[in-house]
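I want to see what holds the two chains together and what sits between them.

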Amino acid sequence: MQKEVIIVIGGGITGLTVALELAQLGKHPLVVERGPLLGGRSASLPCKATDRCLKCNNCLVEDTLRQIKYDSPFEFMTHTTISDIRREAESWYVTLETGPFFIDWEKCTDCGACYEACARLGASGVVRGASINQHPFFGIDQKACSCLQKGADPACVKECPEGAINILTRPQTRQVKAHGIVVATGYTPYVPPEKNRFGYGRLPNVITTQEADEMLRESGAVTRPSDGRVPQRVAFVQCVGSRDRRIGREYCSRICCGYSLRLALHMIHKYPDVDITIFYMDIQNFGKDFEKYYSEVKDKAKLVRGLPGDFYALDEGKISVSYFSEEQQKNVAQPFDLVLLTIGLSPQEENPDLANMLGLGINEDGFLRPSQADASAVVVAGTARGPMDVAECICDAKSAAFKMANFLEGS
Amino acid sequence: MTDGRVNRSVLVVGNGPYCFKVAGELASVDSVSLAVLREARLDEMEQKPNLVELLMPVELLGFSGQPGEFRAVFRQTNGSHAERTYGFVVVALESEWISTLNKWSVVEDSRITSLSKLEKYVNEYLGNIGPGDKVVFISGFKQDSYPVSQEKIVNFAAAVREKTGAATYVLMEQFKVAQEGLERAFRLARELGVVFVKFSQTIPEVRVGPKECTVQYMDEAMGQAVNISPQLLIFEDEACPPPEGRYISDLLGINLGNQGFLQGDFLFNLPIYTNRTGIFVVGSGKGPISEREAEREAEAVAEEVAKLVCSFDKEVVGPFPTLNENECIHCLTCYRSCPHKAISLYPGQRSPQISPVACRGCGICVESCPRRAIDFEHGESGISYYDIDKEIDHIVYEDSRDVPRIAVFACVNSAYDAYLLAKSRGDRLQARCSVLKVPCGGRVEAAAVIKALGSGVDGVAILTCHENSCKSVHGASRCRKRIAAVKEMMTKCGVKEEAILFGTVAPGSAPQFVELINRFSLRLQGGDGSSIIPGNAGSGGEAR
Ligand SMILES: Cc1cc2nc3c(=O)[nH]c(=O)nc-3n(C[C@H](O)[C@H](O)[C@H](O)COP(=O)(O)OP(=O)(O)OC[C@H]3O[C@@H](n4cnc5c(N)ncnc54)[C@H](O)[C@@H]3O)c2cc1C
Ligand code: SF4
Ligand code: SF4
């Protein structure tokens with residue numbers, strides 16, 4: 001019998017879980033990831049534990065990646081995009097393009113010679129994973145390659161003892177006949193536009209929670225970008241890029257309350273003297289013991305209802321934040337050392353194209369929706385469908401795998 | 001699976017319409033029995049072919065066994081008993097919405113009601129409402145609010161406003177908008193003229209007189225007192241755990257969560273797992289969820305069951321403990337200590353049996369057995385603890401200084417990954433570390449720690465997952481207590497206990513691993529470690 005291949009688009013936690021489950025059901029998934037590494041956004045989430053686990057879900061991601069690294073249960077391709085999809089009778093004919101500059105992970109031993117070679121040149125064309133359970137652990141970010149920009153031969157290619165780094169003139173193509181498609185293309189973190197009232201991009205100590213998370217994962221602490229110091233007074237501004245009709249995002253991103261309150265608790269645990277103020281509209285429920293977390297936050301941080309208006313630079317990198325105080329019934333301004341913008345989840349820009357190509361729908365918020373007509377040959381899962389956290393993505397992936405397996409059995 | 005019979009059927013336990021849906025999803029996987037603990041509406045289930053049996057209403061009297069051979073005893077209303085064997089169990093109990101009127105000290109009448117009553121008798125309640133009347137909804141204050149119940153409120157409020165023209169108010173603590181479409185629904189209601197008032201400092205007061213009821217509150221944004229006398233006053237209900245939940249969870253040996261909702265609060269449970277392999281829990285019994293989420297869980301559990309069925313056909317791979325019957329003295333310590341209830345007793349069998357399907361290889365039984373009658377079969381994922389000197393191989397150190405030697409027992413689910421990550425990043429440890437990979441902190445026995453200490457190292461660190469995220473449930477906390485006991489013993493013997501460290505670290509936290517080790521190293525050199533950046537111990541703490 002011919003193998004019934006299922007293409008899984010996107011190698012984030014959702015796509016990887018779908019593939020893992022399908023493989024365990026005896027099916028043949030092929031994960032297509034356009035980036036250099038597997039794991040998507042979730043692989044670089046930091047642990048936000050205090051003296052106990054706060055259930056940020058990162059350990060779930062590590063657990064999944066570990067299984068994939070050690071068992072290699074399915075086929076995947078990194079640095080790869082879909083350049084064409086045709087539907088003929090019961091099958092999809094998919095053209096995949098890899099590269100042209102990429103690491104062949106089957107040859108790569110994760111030794112890191114390429115990374116060091118690139119770092120020696122002061123460039124960041126070779127990227128490194130955030131989790132040891134990511135294999136490949138290294139990949140190429142072609143846009144950041146300084147050798148290509150200078151017209152030189154990339155140093156990493158020569159340094160790789162396995163000859164695993166390819167630099168071709170054209171992308172490598174491959175044709176695959178697939179019986180089903182799972183779309184797990186994820187989300188984009190919201191980035192405030194160039195002109196914004198938060199001073200983001202202009203004031204160095206106004207950063208997004210995404211940047212704070214990366215810093216925490218990389219260095220073990222959230223510090224001020226301007227001087228690397230531990231901040232004394234920190235403001236969280238909730239719902240940045242969410243619940244705002246004027247910017248076309250009339251939805252709650254669902255998970256940001258959870259992750260930002262956890263981050264606040266983590267910071268307070270680490271630096272008991274830190275003074276945290278959280279500006280919010282409403283706090284959404286998250287997790288089973290939400291009430292416990294919430295009352296702990298109310299206890300240890302200051303919660304201010306209402307989002308602040310203006311952000312001004314003060315000296316020493318401080319930021320003045322002004323807001324309406326319900327207590328005092330007037331506008332007040334307060335200085336902060338660091339401002340964290342709690343950003344939401346935006347739909348991928350390519351969603352309309354994907355929807356077009358695969359006959360999917362788009363919901364009012366811009367996320368993908370299964371098509372009515374041919375629901376089961378194409379399944380959408382994870383944050384491609386709407387905001388959700390990692391645990392929900394995993395559950396959604398399992399349900400997607402179930403639908404796909406049922407479809408294959410029925411066809 | 002002592003008798004070699006593997007059963008692939010599924011028992012679904014429920015108390016309402018949702019369990020019929022769940023059974024419907026499962027029917028495409030395998031044969032299903034549905035045990036409904038109360039009389040419930042028969043949905044579209046009747047024509048589902050794979051439903052072998054419907055027991056309704058039924059009482060579950062007894063439960064035992066392992067995945068592939070769970071045994072359940074039922075009593076039906078006619079008093080007859082039945083015993084069945086199942087491969088898997090899915091608990092699909094639903095939570096209940098209970099009126100909060102008594103919390104507000106008001107009694108239900110034609111003007112005052114709960115959200116669920118309004119749902120049931122819409123026409124009766126709204127029949128007399130017209131323009132000029134006032135309708136007030138109250139959400140939260142005395143109980144948690146959820147998107148599912150607020151969705152109902154916003155839809156009712158919009159409909160009341162639109163159809164009756166009455167002035168409609170919603171007094172609430174918070175908008176719970178974390179559900180698709182809800183933000184938009186609130187805006188549309190606002191545009192129709194529904195007034196939403198939010199509170200964070202004060203609580204509205206409700207007074208009921210013979211003629212009228214009044215709601216008095218402080219408008220926090222305006223700083224003004226407000227009085228409304230509504231013709232209809234509706235209170236949001238409180239979500240309560242299924243009444244059958246406690247009994248069923250005791251019987252099945254699955255942990256309960258917050259406030260008696262189903263499913264223990266544990267990271268690796270995801271929305272569908274329990275502490276027992278082969279027993280799942282789905283739906284609102286774990287806390288209110290949307291219909292879409294409930295549907296997703298039903299599909300996910302169907303996939304899990306299909307996967308487990310596949311796994312029965314495969315050979316067991318990976319570390320698996322075996323029990324040497326000649327050494328076993330039947331003390332049943334292992335039976336009691338297994339966090340996954342993978343060890344069973346069977347009549348006629350001399351020793352306890354370990355289920356290969358339910359066992360997750362944590363090695364806690366290995367540690368707990370006083371006779372060392374249990375061990376991992378093929379070398380397993382790490383430690384052989386009588387050979388610590390041989391295991392001391394990886395050495396990362398700061399070569400410029402004479403630094404302490406530390407033996408590190410690192411859990412394969414957390415600290416070991418963090419160590420590997422630190423190594424690959426080229427992080428500098430101010431110690432010569434010999435890192436031993438262990439399947440779980442719970443596996444590290446006191447003797448191994450003492451043995452390691454005696455092998456000539458300056459210190460021993462035992463690094464595990466955080467206690468409440470340990471994959472072996474109580475592995476990390478058992479470990480912490482054990483280490484505390486070892487320290488106490490050492491102090492009594494006059495040996496410095498500072499040479500032992502218990503710490504917790506997540507798998508991706510390389511900087512925290514480095515910080516823990518470097519701080520420990522300083523302590524071993526006589527410093528207190530407080531000069532290590534950044535800040536006090538990033539995560540985890542020390543055994544007291
Ligand atoms: C600041 C922040 C903090 C967060 N913190 C937490 C937290 O603490 N806990 C938690 O549970 N969740 C958290 N989340 C949410 C979490 O990141 C997501 O739930 C999760 O990463 C979603 O996984 P995914 O696989 O659906 O999508 P993604 O992680 O976005 O993965 C999608 C993958 O698909 C690839 N892809 C996209 N399009 C294509 C294409 N056309 N072809 C090929 N490949 C493609 C992408 O490169 C990517 O690798 C946080 C989110 C943010 C923004
Ligand atoms: S907070 Fe998250 S990452 Fe950290 S230990 Fe807990 S689950 Fe793991
Ligand atoms: S703990 Fe050891 S001796 Fe006791 S029953 Fe289990 S195997 Fe036998």
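This is a predicted model: local features need pLDDT of at least 70, side-chain atom pairs count only at pLDDT 80 or more; totals for chains, interfaces and linings use all residues.

I began with polar contacts between chain A and chain B and got 35 residue pairs, both partners at pLDDT 80 or more. My rule for a polar contact was a pair of N or O atoms within 3.5 Å, where within protein one must be able to donate a hydrogen and the other to accept it, and residues adjacent in sequence count only if both atoms are side-chain atoms.

Residues are numbered from 1 along each chain as its sequence is written, chains are lettered from A and ligands numbered from 1 in the order written, and side-chain values use heavy atoms, without hydrogens and water.

Next I looked up salt bridges (a side-chain nitrogen of Lys or Arg within 4 Å of a carboxyl oxygen of Asp or Glu). The A–B interface has 19. One I checked pairs Lys270(A) with Glu515(B), with the closest N and O atoms 3.6 Å apart.

For contact (heavy atoms within 4.5 Å), I found 70 residues from chain A and 78 residues from chain B.

Last, I went to ligand 2, which lies between chains A and B. I took near as a heavy atom within 4 Å. Of the 13 residues around ligand 2, the nearest are Cys47(A), Cys53(A), Cys56(A), Cys59(A) and His466(B).
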